[in-house]
Amino acid sequence: MDLIHRPRRLRTTAGIRNLVRETKLNKEDFIYPLFVIGGEDIKEEIPSMPGNYHFSLDQLMIEVEEVVKLGIGGILLFGIPDHKDEIGSSAWSEGGIVQQACRKIKEEYPELLLITDVCLCQYTSHGHCGTLEDGCLLNDPTLENLAKVALSHAKAGADMVAPSDMMDGRVIAIREKLDQACYDDVAIMSYSAKYASAFYGPFRDAAHSAPKQGDRKSYQMDPANSDEALREMKLDLDESADIIMVKPALAYLDIIRRAKDNFITPIAAYNVSGEYAMIKAAAEKDWVNEKAIVLEMLTSIKRAGAEIIITYWAKDAAKWINDY
């Protein structure tokens, strides 16, 4: 048979496959989410997210040391407060747990990229991402509080703040607050297309942030919408976001691709807790090969267009990628 084209020639050996591989994972692609709480000598596993923990500050520093040694791109820090109230005031306290952690991390590891989540849900007594009045989340009154949170993180040493609340106008509110305080070098990675997803369940256990009543569908995006995501991203970029994010990742690879095709800006994607928990559960039953499926999944996220991947597998993936 006279075949001119034989694509299998480029799949014959591992050496050839590696040579022509179009999408390659790097440990620098990964951002590792971490949960910090008050107290001492606490490393408490999150039941729905095996291998992830609530860390007190002393134990967090041990974990951060490993992240630095592995050469992972950076960390995304979430705080679990001791105190909650109606407006989430502990979120911007100078003595808050995130602020304490930022100062300690930057003191010991000044070169580590330190990103902080900016939201109010785990700090409010009602579990919503802002100010409530008669059961309705108020957009504009929430903006000032979010900006105060971002500024408090910047003062504590954060290199980048990541607003995850999905309030309209929060990027420009944060940017103006930071610039007025001379923190114009602190970047904003906006959760631009954050969907009202069923994949967040384990995270809400981890962050103690489930709403006491109602849901977040009035501010997070409808999973059925794609064009709306582009509008949200453009608005955030117009408001000076430096990086835009799609969350979740796996069920929204098409949104990541559309973002990459439409915007010349770094794209992040969050490989969320539900995606993590499903694979972990299947792997524990030996139904899937965890290492192989995780590397395939992370490659798909990068192939779709994300340069930055926030993933709970960051440490494992950093160790595994040389074998992929």
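Mentor: The account below begins with the aromatic pairs and then turns to one helix.

This is a predicted model, in which local features need pLDDT of at least 70 and side-chain atom pairs count only at pLDDT 80 or more, while totals for chains, interfaces and linings use all residues. Residues are numbered from 1 along each chain as its sequence is written, and side-chain values use heavy atoms, with hydrogens and water left out.

The structure contains eight aromatic pairs; rings of Phe, Tyr and Trp (its six-membered ring) pair if their centres lie within 6.5 Å, and planes under 30 degrees apart count as stacked, over 60 as edge-to-face and the rest as tilted. Phe 35 and Tyr 312 form a stacked pair, 6.5 Å centre to centre with 5° between the planes. This pair links distant parts of the chain, 277 residues apart: Phe 35 is in strand 1 (residues 30–37), and Tyr 312 is in the loop between strand 12 (308–311) and helix 11 (314–320). Helices (H or I, at least four residues) and strands (E, at least two) are DSSP runs, numbered from the N terminus. Phe 35 and Tyr 312 are both buried, where buried means under 20% relative accessible area, exposed over 50%, and partly exposed in between (1.4 Å probe, protein chains only). The rings of Tyr 276 and Tyr 312 have centres 5.7 Å apart and planes at 65°, so this pair is edge-to-face. Tyr 276 belongs to helix 9 (residues 273–284), 36 residues from Tyr 312, and Tyr 276 is buried as well. Ring pairs join Phe 35, Phe 78, Tyr 191, Tyr 270, Tyr 276, Tyr 312 and Trp 313 into a cluster.

Helix 10 (residues 290–304) has 15 residues and reaches 21 Å from its first C-alpha to its last, close to the 21 Å expected at 1.5 Å a residue; the expected span is 1.5 Å times one less than the number of residues. The buried residues of helix 10 include Val 294, Leu 295, Leu 298 and Ile 301. Those buried residues pack against strand 1, helix 8 (253–262), strand 11 (267–271), helix 9, strand 12 and helix 11, a contact being heavy atoms within 4.5 Å. Gly 305, with a positive phi near 135°, follows helix 10.
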